[in-house]
Amino acid sequence: MTYLHNIGAYFLMIAEMFRKPTKWSVMKQLVLKDIDDLIIGSLGIVAFIAFFVGGVVTIQTALNISNPLIPKYLVGFATRQSIVLEFAPTFISIIMAGKVGSFITSSIGTMRVTEQIDALEVMGINSLNYLVFPKFIALLLYPFVISIAMFLGILGGMAACVYGGFSSLDDYILGIQTDFTPFHITYAFIKTIVFAFVLATIPSFHGYYMKGGALEVGKASTTSFVWTSVVIILLNYLLTQMLLS
């Protein structure tokens with residue numbers, strides 16, 4: 001029953017988030033701050049992980065293609081498919097659940113512990129719209145982060161492939177271009193938008209409705225990371241089944 005109660009409370013929170021909006025002059029500042037915290041602040045770790053994981057994917061693919069009859073351009077093809085379809089949209093989102101999700105939960109949870117949310121309610125402000133809606137708007141730029149991860153992942157694969165001597169640059173580029181399906185990019189960004197909504201709302205839910213003190217803020221951050229990751233993986237399966245099958 002606790003799970004059902006939390007699911008119901010989550011959807012009620014989403015509905016309340018869009019009611020009684022905060023004045024745009026105030027909301028604009030909140031959105032810009034959240035863009036800086038959630039999007040720009042995440043570019044460094046995303047770029048670092050994407051570049052080197054792209055290199056690892058390329059090396060592992062090249063080492064497993066030992067048959068001389070298999071063309072070398074398949075290394076670039078396999079790297080592109082792995083990064084565009086799965087690594088960039090899904091696994092970067094799980095990493096972001098740890099970084100961005102924990103930040104959102106701890107910041108809102110701290111406001112709950114210090115009774116700042118109660119103060120907002122006393123002043124007649126819709127605290128959910130004030131706290132959660134700017135994060136939702138900021139994370140609409142999340143596809144920009146994923147596009148950078150795609151580019152750097154393929155670039156890292158190219159660097160590993162060429163400098164590791166697994167294939168030539170021309171073969172790698174040929175593999176990237178071979179059998180390219182534009183809908184795969186659309187599929188990746190559809191997943192990204194859905195994951196961005198999850199990243200904005202589930203951590204906010206756990207921070208907003210937490211009870212206790214400073215210790216519970218840490219527990220709420222851990223719980224939000226676990227559930228955000230679980231929901232992302234489940235939605236990844238459902239979206240893949242619906243869009244690619």
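## Basis of the model

The model is predicted, with local features requiring pLDDT of at least 70 and side-chain atom pairs counted only at pLDDT 80 or more, while totals for chains, interfaces and linings use all residues. Residues are numbered from 1 along each chain as its sequence is written, and side-chain values use heavy atoms, with hydrogens and water left out.

## Overall fold

The chain has 11 helices and zero strands. Helices (H or I, at least four residues) and strands (E, at least two) are DSSP runs, numbered from the N terminus. Along the principal axes, the C-alpha atoms fill a box of roughly 70 × 40 × 35 Å.

Of the 245 residues in the chain, 44% are buried. Buried means under 20% relative accessible area, exposed over 50%, and partly exposed in between (1.4 Å probe, protein chains only). Among contacts (heavy atoms within 4.5 Å) between residues at least 6 apart in sequence, 86% join residues at least 24 apart.

## Transmembrane annotation

An unreviewed UniProt entry lists residues 38-63, 83-104, 136-164, 185-205 and 225-244 under "transmembrane region". UniProt positions are given in the numbering used here, feature names are shortened, and annotations may be inferred rather than shown by experiment.

Two of these spans can be set against the model. Residues 38-63 are 88% helix and 0% strand, with end C-alpha atoms 37 Å apart. Residues 225-244 are 100% helix and 0% strand, and their end C-alpha atoms lie 28 Å apart.

## Helix α11

Helix α11 covers residues 214-244, 31 residues in total. The expected span of a helix is 1.5 Å times one less than its number of residues.

The buried residues of α11 are Val-217, Ala-220, Ser-221, Ser-224, Thr-228, Ser-229, Ile-232, Asn-236 and Leu-239. Their cover includes α4 (74-113) and α10 (182-208).

## Pockets

The largest pocket has a volume of about 840 Å³. On a 1 Å grid over the protein atoms alone, a pocket is an open set of points with protein on both sides within 12 Å along at least five of seven lines, a cavity is a set of points where a 1.4 Å probe fits but cannot get out, and lining residues have an atom within 4 Å of a point. Grid points are joined across faces, edges and corners, and a volume is the space filled by probe spheres set on the points. The lining of the largest pocket has 27 residues, of which Asn-6, Ile-7, Phe-205, His-206 and Trp-227 lie nearest its centre. At least two lining residues come from each of α1 (2-17), α10 and α11, and α11 gives the largest share, nine residues. By type, the lining divides into 18 nonpolar, five polar and four charged residues. Ala, Val, Leu, Ile, Met, Phe, Trp, Tyr, Cys and Pro count as nonpolar, Asp, Glu, Lys and Arg as charged, and the others, Gly among them, as polar.

The second largest pocket holds about 180 Å³. Its lining consists of Leu-30, Lys-33, Asp-34, Asp-37, Phe-103, Ser-107, Met-111, Tyr-130, Leu-131, Pro-134 and Lys-135. Two or more of these residues come from each of α2 (24-39), α4, α6 (127-131) and α7 (133-138). The largest share, four residues, is from α2. The lining has six nonpolar, one polar and four charged residues.

The elements giving two or more lining residues are α4 and α10, and α4 supplies the largest share, three residues. Three of the lining residues are nonpolar, three are polar and one is charged.

## Loop residues

Most residues other than glycine have a negative phi. In the loop between α1 and α2, Lys-20 has a positive phi near 45°. Lys-20 is exposed, with a relative accessible area of 52%.

The loop between α9 (169-177) and α10 holds Thr-178 and also Asp-179. Asp-179 has a positive phi of about 50° and counts as exposed at 61% relative accessibility. Thr-178 counts as buried at 17%. Leaving aside neighbours within four places in sequence, Thr-178 is in contact with Tyr-73, Phe-77 and Arg-80.
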